[in-house]
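Please walk through this structure with the strands and helices in view, taking one region at a time.

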Amino acid sequence: MSNFDRLGGHLGSRLGPLPAAIALVAGIACAPALDRIGLPPSVRWALAAACLLGTRRLPALALAAIAFVGAARGAVVHTLLPEGVAANDRIADRVLGTVEGPVVRTVRGSGAQVGGMWVWAEEVLVPGDRIAVTGLVRSAPPGRSLERFELSARQIEHLGQDLGLTARVWRWAAALQARAAARIDDAGGDPVARAALRGIVVGDRSAVPEELDDRWRAVGIYHVLSVSGLHLAVVAGLVFALLRRLLAASPWGGRIHPARWAAPPSLVFAIGYTLVTGAQLATVRALIVIALVLVGAMLDRPIRLLDALGVAALLVLAWRPGDLFDPSFQLSFVAALTLALRPPPSRSGGAIGARIVRWLWAGVTTSGWIALTTAPITAFHFQQVSAGGVIGNLVLTPLVELIALPLALAGVVLGPLGAPLIRIATWLVSLVDGAAGGLAQVTPVGHIAVATAGMMAVLVVLSLWFAARPTRSIVDTLAWCALCAAWALARTPPDPGALRVTFVDVGQGDGAIIELPDGDVWLIDAGGNASARELAAASAPGATITHLLAAYGHDRIDLAILSHPHPDHYLGLASLGVPIVELWSAAEPEAMPTIGGGPGRALPGFGEIAAAHAARGTRLAHPPLGIVRTQAGVTLEVLAPRFVRAEGGVAIEAADPVRTVNDNSLVVAIHYRGRTLLFAGDVEHEGEDALVGAGLGRVDVVKVPHHGSPTSSTEALIAATHPSLAVISCGRANGFGFPAPAVLARWTAAGARVARTDRDGSIIVVVDAAGGLAVE
């Protein structure tokens, strides 16, 4: 019987930690859907209580109760800015608070919680310091948490200290991390390898070059560049083994149980190492598992790995339910589950050569199965699968985890006497980096996409089931065929003859993908994080759009339309990973103010980004008013901006120099099979009045102007368009307060269903070949 079959019996026989964790995961995964239908958390808690009361007669209801608890804990709390944060029309936000541990150090700077928000700063944040931070607040990237903000600090004012017990512990941990990082630097060696070693040993990734990141990611060993669960397992395991041997060799070895006495100090060391290295998600998960194993050793009651993983999942997700959507959580737990479910290797005897071959084969197959079970996750989140991960994790990861890490850690503990050990570890990391660079050149990275989270989950479950089978049979052949079929169906092209429009969740900004019936792709705006310091973070929505295009099976954009040159609409164009054939923007007949770019600005303006695309072959154009393109039955019409050079003259498509940038948005309508979709950019009162005055009529779908701002969505525009669906593209808990309650009320009163990317995620509208309209 396989581990997976035993797991099935375990699920049916009693309520163990892993079945409870699976129920909690299911509840959290369903929470966004329950949010969309408006089921409040209070009702979910009531359903959990009702199921719990029924467990005496029907014990299986305990799983339903846990699922409803997960659905309640996973509910999104929709707020504006945290208490104490002042927003001033996004010019500057200010937060007062105490730096809370842990403090994370990456290439973005130093990051920590301050006053209910995650703050990034160039200077080192110290736990317990009371500070006033001025910068720009924006919603944190998806996956970190369901209710977290991010502030990029521009100025920090130190107000004193608040040194409670927790702050003192984190302060000690941060100071110890800094001293350890300094000892690694002082030991000398290749500077790039030293930067990587600091990340490997103490979690300080502040100087790891992006090029090294790319090399290690290409061969599947990126996870070892920071302190992971495997790091902690190796360190705690070595400490435990060393202490147990020392105790066994001591004069008391025959009178005590060495494992029982070695477990407590090993657990203390594991907790301390977790704190010093920043208590990241994978490390906390591993700490829970290690703690259970060590407590079992103390009590002489070994615990199964499956049960330990279940407890770890329960504790982590009960604490932070949003971590379920974090790729690192998914990857680490699926990899650990694969190890737990794989049949144990054969322990039969034989010559030492045969045993070595069996050990190597077990390592290759286990690495391969982990690559297979985690492939759906990387395909869903990153649209790629690396074949080099099997070789990288078999050869390169052990060099880092089992040799370089212990040597460097021992060198740090020994102080000045340990410098030679650190230099050897640095040399090994440099060797691994060189091998990773060479391996990356010869191993392919498959650009494979999985379109939906549901399909990802199906692929993971099928892969885990297949990996857990101890023998191969006709059932396994059928399972393999089902797995291949599921992969083949992972992409989701629109139905034949259908027009599909995806309003992409790009945070606080706009971005929409239009797929024509003939397979061509149009893009209207590309999002952008205007408050980010670096272009990579500012243009991240472009990567989101690229990933979605890959999931849909597209490798280019035939036409991109920019509504207006504001950063939350154009910055994403900088990181699009596919070519653009043609890029449209509104004509500017007069001198217009420059938006973005310019001296002293870290982020480029639209002109710079457009020029970069033009250099790669993109045609730049300014479309005229009226119907500008008819293709595959789809008609594209330009409605604004309308500019009249002289009184009584003919209106042309061009920005009016006396209007704002928002009111000069390039507004387009798409017509197909009797349906009309209006993309209104960020027009406000004046621009909307011009549209209505020019004869704007009824439409079926409106991309609501200016993210639901109170300066837009006038009664006149709503009455003229009278849509059945109003789509608002805005960031989760954004600092503007978009969408305004009055705007929501006006669209709803007109009979429109309101869909929002901040609550619903990406919104898909399909017009089929018969003219039917569906919203997904």
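The model is a predicted one, in which local features need pLDDT of at least 70 and side-chain atom pairs count only at pLDDT 80 or more, while totals for chains, interfaces and linings use all residues. Residues are numbered from 1 along each chain as its sequence is written, and side-chain values use heavy atoms, with hydrogens and water left out.

Helices (H or I, at least four residues) and strands (E, at least two) are DSSP runs numbered from the N terminus, and two strands pair if DSSP finds at least two bridges between them. Strand S2 (residues 93–106) runs antiparallel to S3, to which 5 bridges join it; Thr 106 stands opposite Gly 109 in S3, and the hairpin between S2 and S3 passes through 2 residues. On its other pairing, S3 meets strand S4 (residues 117–121) in the antiparallel sense over 5 bridges, with Met 117 in S4 as the bridge partner of Val 114. The hairpin of S3 and S4 has 2 residues between the strands, and in it Gly 115 takes a positive phi near 60 degrees.

How enclosed is strand S3 (residues 109–114)? Buried means under 20% relative accessible area, exposed over 50%, and partly exposed in between (1.4 Å probe, protein chains only); 6 of the 6 residues of S3 are buried, so the strand is largely enclosed by the rest of the structure.

Helix H6 (residues 191–202) is likewise largely enclosed by the rest of the structure, because 10 of its 12 residues are buried, among them Arg 194, Leu 197 and Arg 198. From first C-alpha to last, H6 reaches 16 Å, close to the 16 Å expected, where the expected span is 1.5 Å times one less than the number of residues. Gly 203 follows H6 with a positive phi near 80 degrees.
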